[in-house]
Amino acid sequence: MFGRGPSTSGVRVAGAGRFETFACVLTKGGVVLVPSSGPLRRLWPDLRVFRRALYLSAGLAGAGMICDIVQPAVTARVIDGPIARHDVSGLWSPVLLMLLLGVINAGTAWARRAVIAGPAAAVETTLRATLFQRLQILSVGAHDGMESGQLTSRAVTDMSTLRRFFAFVLPSLVALGATVAVGMSLLCLFAWQIGLVELAIAVPLLLLALRFEREYGLASRRAQDQSGDLATTVEESAQGIRVLKAFGRGPWFGQRFRRQAAVLQSLELAKARLAARLWAALNFLSAMGIAAALAIGGYLLVQHAMTLGTLVAGITLTTFLQWPIIGFGMLLAELNHSRTAAERYWEVIDTPVEITDPALPVPLPRLLRGELRFERVSFRFPDADRELLHEVSLRLRPGETVALVGATGSGKSAVLGLVARLFDVTGGPGVTIDGIDVRTLRLADLRSVVSMAFEDPVLFSASVRENVTLGFPDATEAQVRAALEVVCATEFVHDLPWGLRTRIGEQGLSLSGGQRQRLALARAVLARQHRPGGHIVVLDDPLSALDVATEERVQTRLRAALSGATVLLVAHRPSTAAWADRVAVLDGGRIVADGPHEQLLETSPRYRELMGGEVDAPVYVR
């Protein structure tokens with residue numbers, strides 16, 4: 001936790017944007033260098049829980065590097081002392097000291113990784129869980145604007161990048177900064193002439209680093225976004241493999257993948273060229289520094305203005321300082337990767353949550369009657385230029401089944417989504433259950449009384465039982481089998497290799513369309529047992545993939561299983577519409593007809609058109 005009134009002073013390091021600003025923050029635990037602005041700085045609340053491990057890791061890294069810095073000073077003492085005097089006995093102490101420094105250096109390297117590995121992994125897990133939780137509470141509309149591959153890339157690759165930042169980059173930046181400061185001070189103490197040369201070389205290095213971080217940051221963002229696009233293509237090809245094979249479009253999709261991979265390759269090569277330029281310049285300037293140190297030191301040695309030990313120590317220290325300088329270039333690249341990963345993380349976290357619990361929620365009545373009413377409801381998708389629904393009014397009495405019929409794109413699924421607040425109305429009084437506006441209820445309470453099944457059934461890579469009990473995890477074996485019996489799924493589930501325990505694969509693609517649809521419908525039937533009194537069931541054309549005979553059997557059993565429930569369903573078939581007590585016709589964003597199936601066939605030309613002109617369509621016998 002931050003102490004009261006933390007004092008800070010800014011330290012600017014090339015990194016994010018033009019600079020990634022780091023602040024020396026005074027906390028109860030001491031002083032720590034943390035990003036003070038930008039996406040990385042915003043992660044500090046998640047990181048500060050592990051601040052002691054971070055401090056210790058940075059301290060151990062700095063201690064190891066300082067052990068290396070001290071070695072040239074010991075070397076100078078040996079050359080100007082025992083070696084100059086030809087005193088062999090005087091060598092033992094510095095030799096033992098050098099061994100001790102090596103042991104300490106090795107120990108700090110091991111301890112640093114041991115200290116930081118666990119906390120860094122915990123930070124990664126926390127961030128990943130936060131990202132996943134955010135995705136769960138975002139609205140369906142928000143998800144519609146996100147590519148699944150991009151989300152996968154952000155949740156997996158970017159979180160690993162941030163773990164490396166906390167475990168390696170941030171402590172190393174602190175350690176390298178301390179190392180360069182101590183090393184340059186010691187070099188100026190040994191030979192101020194050589195120290196001034198090294199300080200002069202640091203100026204072009206800084207300018208080069210600033211230019212690099214700006215260009216590399218842009219290239220890094222493009223590459224990481226392109227990697228997400230590539231992941232989307234892979235995911236789509238895996239999910240749509242049947243379609244690609246059926247239409248012989250596998251080679252075309254492969255070409256599309258190769259084009260995207262080629263773009264990613266070009267972006268990665270651009271990053272490599274930028275890094276190569278930086279590394280080449282760093283090595284060249286470092287070599288210039290060593291050459292200058294050798295020339296100046298050699299001259300001073302000849303002029304008897306410098307001892308041989310001091311010259312050797314200065315050259316050795318100058319050589320050693322190459323690693324912090326070159327390592328700084330590598331850390332800049334990693335810092336840019338991390339900044340981009342943090343930006344992509346915050347883009348998801350900062351996406352507004354449009355559908356939330358009300359500030360003062362209305363408690364759910366103990367016993368619901370199940371009256372569902374749409375009162376002059378209007379709705380449009382974000383960025384749409386016109387309303388999809390315009391003043392839709394519809395009342396479902398408790399226990400009534402109403403079918404919603406309309407042309408493709410007329411907004412039927414949007415009407416269904418408004419019930420459980422997958423979307424929120426954008427105009428009109430709203431949607432009510434027993435007179436209570438659904439927007440005044442807690443989302444958990446609302447969705448506990450609304451069961452849904454979709455035309456495109458979504459199944460998960462889990463067992464049949466886990467998929468069916470998604471809305472009622474505590475269901476007994478008998479309840480699960482009863483739900484399967486309602487949707488005529490008992491036989492095919494029994495024939496699976498391990499019955500209810502059979503894993504059905506990603507999105508249930510190992511099953512037929514009708515089998516997947518029936519399992520999704522069984523999920524809705526089972527969820528109703530959570531609250532059988534006044535429960536509302538919303539079905540989006542749940543029988544479209546079934547053959548006529550199976551559909552008739554399922555309808556008969558559904559009517560018994562859903563007895564007492566208020567059911568709103570989308571229908572495209574006359575047989576499905578005939579199952580309902582009433583049919584509402586949606587056209588032009590409005591309800592244009594409402595009545596029993598048989599009556600609408602006689603009185604509504606639009607309804608007959610939607611039903612394919614089947615005036616003599618079979619009527620479901622109740």
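H15 and H17 sit oblique to each other, and that helix pair is a handy place to start with this predicted model. The protein has 622 residues, and 47% of them are buried. Its secondary structure comes to 21 helices and 13 strands. Below are two helix pairs, then a few individual residues, then some whole-protein numbers.

**Helix pair H15 and H17**

- H15 covers residues 477–486 and H17 covers residues 513–527, and their axes come within 8 Å.
- As for handedness, the H15 and H17 crossing is right-handed.
- On the H15 side, the residues that make the contact are Gln479, Val480, Ala483, Leu484 and Val486, and they meet Leu519, Ala522, Val525 and Leu526 on the H17 side.
- Sort the residues of this contact by type and you get eight nonpolar, one polar and no charged.

**Helix pair H6 and H10**

- Here the partners are H6 (residues 148–190) and H10 (residues 308–320), with axes that come within 10 Å and cross at roughly 160°.
- That angle makes H6 roughly antiparallel to H10, because anything over 145 degrees gets that label.
- The crossing of H6 and H10 is left-handed.
- H6 brings Thr179, Gly183, Leu186, Leu187 and Phe190 to the contact, while H10 brings Thr310, Ala313, Gly314, Leu317, Thr318 and Phe320.
- By type, the residues in the H6 and H10 contact split into six nonpolar and five polar, with no charged ones.

- Glu391 has a phi near 50°, which is positive even though the residue isn't a glycine.
- You'll find Glu391 in strand S5, which runs over residues 389–396.
- With a relative accessible area of 46%, Glu391 is partly exposed.
- Asp434 isn't a glycine either, and its phi is also positive, at about 55°.
- Asp434 lies in the loop between strand S7 (430–433) and strand S8 (436–437).
- The relative accessible area of Asp434 is 18%, so Asp434 is buried, the cut-off being under 20%.

- Glu400 is in the loop that links S5 to strand S6 (401–406).
- This glutamate is buried, at 6% relative accessibility.
- Leaving aside residues up to four places away in sequence, Glu400 touches Arg395, Ala565, Thr566, Val567, Asp581 and Arg582.

**Val263 in helix H9**

- Val263 belongs to helix H9, which spans residues 250–302.
- Its relative accessibility is 39%, so Val263 counts as partly exposed.

**The protein as a whole**

- Take the contacts with a sequence separation of 6 or more: 74% of them are between residues 24 or more positions apart.
- The accessible surface comes to about 29,400 Å².
- Carbon and sulfur atoms account for 61% of that surface.

Terms used:
Residues numbered from 1 in each chain as written. Predicted model: local features only at pLDDT ≥ 70, side-chain atom pairs only at ≥ 80, totals over all residues. Heavy atoms only, no water. Axes fitted to C-alpha atoms, helices over the stretch in contact; angles between N-to-C directions. Helix = DSSP H or I, 4+ residues; strand = E, 2+ residues; numbered from the N terminus. Parallel < 35°, antiparallel > 145°, perpendicular 65-115°, else oblique. Left-handed = near helix turned anticlockwise from the far one by under 90°. Contact = heavy atoms within 4.5 Å. Nonpolar A, V, L, I, M, F, W, Y, C, P; charged D, E, K, R; others polar. Buried < 20%, exposed > 50% of the residue type's maximum accessible area, 1.4 Å probe, protein only. Areas by Shrake-Rupley, 256 points an atom, 1.4 Å probe, with all protein chains shown as cover.
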